[in-house]
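Please read it beside the sequence and the model.

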Amino acid sequence: MTAVAESDRLAMRAALDEARAALASGDVPVGAIVLDESGAIIGRGRNERELHADPTAHAEVVALRQAAAARSDWQLSGCSLIVTLEPCVLCSGAILAARIDRVVFGAWDAKAGAAGSVVDLLRERRLPHRVTEVVGGVDERESAELLAEFFAERR
């Protein structure tokens, strides 16, 4: 098992703040941040599908867009993405397209996870790019509880 660095926990705190902010627009509370090589936040995102009526406005995609704009470059090699929920297939594709090197996530997604739960797209050897390191389960309980509370209110 990979030891969780304190810097990952601090970064997850920022991603959880983004997830909570998604609640204001009625979006599923998922948050993401992109860190550059020095550990500075260069992109923030939260689910905005309801807010913008955009099926691609997942937290990871929003954060990747912001990071690419900050760098004026779509290639985010050397960067890490921290997200509160295991990336889905859409987000994993965006992560691979952006050339992200490292992904850290909170809760596992047994229904749609593409970083090891349902499929492992991020490390698929047949693809032209792979994420070098994937760390799951960082602050998993807090991420999962936030999602569980959100869905419990809607049932």
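Buried here means under 20% relative accessible area, exposed means over 50%, and partly exposed lies in between, with a 1.4 Å probe and protein chains only. This is a predicted model, in which local features need pLDDT of at least 70 and side-chain atom pairs count only at pLDDT 80 or more, while totals for chains, interfaces and linings use all residues. Residues are numbered from 1 along each chain as its sequence is written, and side-chain values use heavy atoms, with hydrogens and water left out.

**Backbone angles**

- Most residues other than glycine have a negative phi.
- D139 is not a glycine, yet its phi is positive, near 50°; D139 sits in the loop between strand 5 (133-135) and helix 5, and is buried because its relative accessible area is 19%.
- Helices (H or I, at least four residues) and strands (E, at least two) are DSSP runs, numbered from the N terminus.
- A53, also not a glycine, has a positive phi of about 50° and belongs to the loop between helix 2 (49-52) and helix 3 (59-71), where A53 counts as exposed at 71% relative accessibility.

**Largest pocket**

- A pocket is an open set of points on a 1 Å grid over the protein atoms alone, with protein on both sides within 12 Å along at least five of seven lines, and its lining residues have an atom within 4 Å of a point.
- The largest pocket holds about 400 Å³ of space, where a volume is the space filled by probe spheres set on the points, and grid points are joined across faces, edges and corners.
- Its lining comprises 19 residues, with V28, V30, L85, D109 and L147 nearest the centre of the pocket, and helix 5 (residues 140-153) gives the most to that lining, with four residues.
- By class, twelve of the lining residues are nonpolar, two polar and five charged, where Ala, Val, Leu, Ile, Met, Phe, Trp, Tyr, Cys and Pro count as nonpolar, Asp, Glu, Lys and Arg as charged, and the others, Gly among them, as polar.

**Helix 1 and helix 5**

- The axes of helix 1 (residues 6-22) and helix 5 come within 11 Å and cross at roughly 5°, the axes being lines fitted to C-alpha atoms, for helices over the stretch in contact, with angles that run from 0 to 180 degrees between N-to-C directions.
- The two helices are therefore roughly parallel to each other, a term that applies to angles under 35 degrees.
- In contact terms (heavy atoms within 4.5 Å), M12, R13, L16, A19 and R20 of helix 1 meet E142, S143 and L146 of helix 5, and by class this contact has four nonpolar, one polar and three charged residues.

- The C-alpha atoms of T84 and R126 are separated by 27 Å, with the two residues 42 apart along the chain.
- G113, in the loop between strand 4 (102-107) and strand 5, is buried at 1% relative accessibility and, not counting residues up to four places away in sequence, touches E86, P87, V118 and V119.
- The C-alpha atoms of G113 and L85, 28 residues apart along the chain, are separated by 8.4 Å.

Note on methods
On a 1 Å grid over the protein atoms alone, a cavity is a set of points where a 1.4 Å probe fits but cannot get out, and a pocket is an open set with protein on both sides within 12 Å along at least five of seven lines; lining residues have an atom within 4 Å of a point. Angles under 35 degrees count as roughly parallel, over 145 as roughly antiparallel, 65 to 115 as roughly perpendicular and the rest as oblique.
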